[in-house]
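Welcome! Let us take a friendly walk through the cavities of this model and then one of its sheets.

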Amino acid sequence: MRWGMVINLAKCTRCHGCIAACRIEHFLPLRMTWPRLIALETDDGFSVDVSTYPVRCNQCKEAPCVEVCPTEASYKREDGIVAIDSNKCFGCRYCVIACPYQNRTYLSRKRNPNYFPEHAKTGFEKKGKQIYPHQVGTTEKCNFCMERIDAGLAKGLKPGIDREATPACVNICQARALTFGDLDDPNSNVSKLIREKNGFVLHDEYGTEPSVYYIDYKLGGAPSNKAPIEAQTGSHIQHLSSVYAPSKEKLAKKNAD
Amino acid sequence: MNARTARQWMVTHEWMIKPMAQTEWISGKGLLVWWAEVFSALGTGLYLVSIFFALREEFAVTAFWAGILGWIGIAIFKLPLHAFYLGKWYRFWRAFPPFSKAWRTSWFARGIVMTMIFLVFGAIQLILQGLIAYDVADSSGVWAANYVFMVLAGIFGVMTAVYCGFAMSYCKSVPFWNTGLLPIVFLLMGVADGLALIMGVGMVTGEDVIPTAESATRILLIVNALLIIMYLVNANYQSATAELSVKELVRGRVAWVFWLGIVLLGIIVPLVVSVVSYFTGEEASTGLLVFAIICHTIGAFSLKYGVLKVGIYRPILPKGRAY
Ligand code: SF4
Ligand code: SF4
Ligand code: SF4
């Protein structure tokens, strides 16, 4: 068994829901982010094209972060998840540098202020400290919501199928851009998607064998997966227009075409 | 909200899209890593040079004190600086066998283990060297034991000197470091630093180590200059990100560190001083030698700073595959 995730770039509407879900699920400190939503902007002078990539730890099969860790705090589970034992990590940050995808973040004091820095901790934060304590001075990253998977499996549920056993970001994704399942099972939802829609991984030349796959039209080349223009929702265009003010007309024109 | 504030808010969008410099090992508390690595080079360099001089009886006292200083550089400076850098320094022991088997794959763990072994063998060797240098016990048995520990401490000293280079060159994430040349550059620059420092020790002890150290320095500095050129040329053609690192180093914001610190003070000044004394047939004056030693040491700080500072990550997206 090897848990994996497939991210359909054509479906992602850049709503930041996955980022929020992960923050809530793990009571992430204010300046700590496990998944990220990054955007590659190309502007040919006529149209602005923004491809958004939700990224998180790829749970690499050959994980450099595990190999370099001097304390064995970073370890690989039998189900392929790369986890960190924060009681063992001594915060050398070698893994942060060695991860070719930059998916690890060191939790420094600066990254861990109160949610409202000038004010006392909120009730949510206080609860979080009990339920999911984060240790300042150690390194963190996405763990494929292994707590949910373990608890779900213990109840006989199926990760990727049953919501209770499925990662929080996958559950919340309103566009169903994220799919979770077993990569070792050729009939699983993820294996089928990768096969049928030309799934690809980021920088496969590193030989890290990531467990997070991407599918899209542009890079994966599957015509059936071409992003519909309406995927760029109104709110998204509005958001872009505030970031790249001069391109508003160009985007409007592109949408009209 | 103007475009600029909006952009700041959306900072995650710029993450790893373009080549991004590593900061963990050079900014803020990361400066401790830089200092630790400099003391690693100076300490191991001086110790390794000291055991070569220890082979000659007339340099016994200089070799002893140089060895002590090198050992102190590692034990009192390098290790504590590394430990203070850690987020949880009191878990330092977790990197050691039998608590961890990480030495099988991790250069960091290997380095810590090698450093500790070096310190133990080095301490024993220095005690023996002290007995010989101050004629407390000068029997053939002590000499033989000294040789044995010289070899042992020497081997682990070399490993201590190179492990940091290997730890960095392991990182595919930073193409500029991802080359087998890096450990060699660090080792040879460290030995050259050691040669410069032992001249200073020789000035204090009064033993005539300067001519020997100078002739070795001349050759080593030329070798090092060629090695650095080779390293930069290699990086320049290795990948677009490594090329960017080279540009940043020789033409970017840290160019002054490269040209002033590494090239001028670290290589040219010490080389000119030793070449002039070679052609004039006279030893350089004490003042000039002290100046050359200081310049060389600044060069050691500059080299590690420059290499750490221009460590740039390869972008994450396939579009950036050219990097
Ligand atoms: S993406 Fe980075 S942190 Fe995650 S397993 Fe791979 S190397 Fe490790
Ligand atoms: S920061 Fe922690 S998890 Fe990362 S390599 Fe160091 S000890 Fe291991
Ligand atoms: S899988 Fe879980 S831990 Fe990873 S990004 Fe999604 S919500 Fe966060």
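This is a predicted model: local features need pLDDT of at least 70, side-chain atom pairs count only at pLDDT 80 or more; totals for chains, interfaces and linings use all residues.

Residues are numbered from 1 along each chain as its sequence is written, chains are lettered from A in the order in which they are written, and side-chain values use heavy atoms, leaving out hydrogens and water.

The structure holds 10 cavities of 30 Å³ or more. A cavity is a set of points on a 1 Å grid over the protein atoms alone where a 1.4 Å probe fits but cannot get out, and its lining residues have an atom within 4 Å of a point. A volume is the space filled by probe spheres set on the points, which are joined across faces, edges and corners.

| Cavity | Volume |
|---|---|
| Largest cavity | about 140 Å³ |
| Second largest cavity | about 100 Å³ |

The lining of the largest cavity includes A:Cys92, B:Trp25 and B:Glu37, and its residues divide into 10 nonpolar, one polar and one charged. Its largest share, four residues, comes from H5(B); helices are DSSP runs (H or I, at least four residues), and strands are runs of E (at least two), numbered from the N terminus.

Around the second largest cavity are 14 lining residues, with A:Cys12, A:Cys15, A:Cys18, A:Pro54 and A:Cys173 nearest its centre.

Chain A also has an open sheet of three strands in the order E8-E1-E9, with mixed pairing; two strands pair if DSSP finds at least two bridges between them. Five bridges join E1(A) to E8(A), which run antiparallel.

Terms used:
On a 1 Å grid over the protein atoms alone, a cavity is a set of points where a 1.4 Å probe fits but cannot get out, and a pocket is an open set with protein on both sides within 12 Å along at least five of seven lines; lining residues have an atom within 4 Å of a point. Ala, Val, Leu, Ile, Met, Phe, Trp, Tyr, Cys and Pro count as nonpolar, Asp, Glu, Lys and Arg as charged, and the others, Gly among them, as polar.
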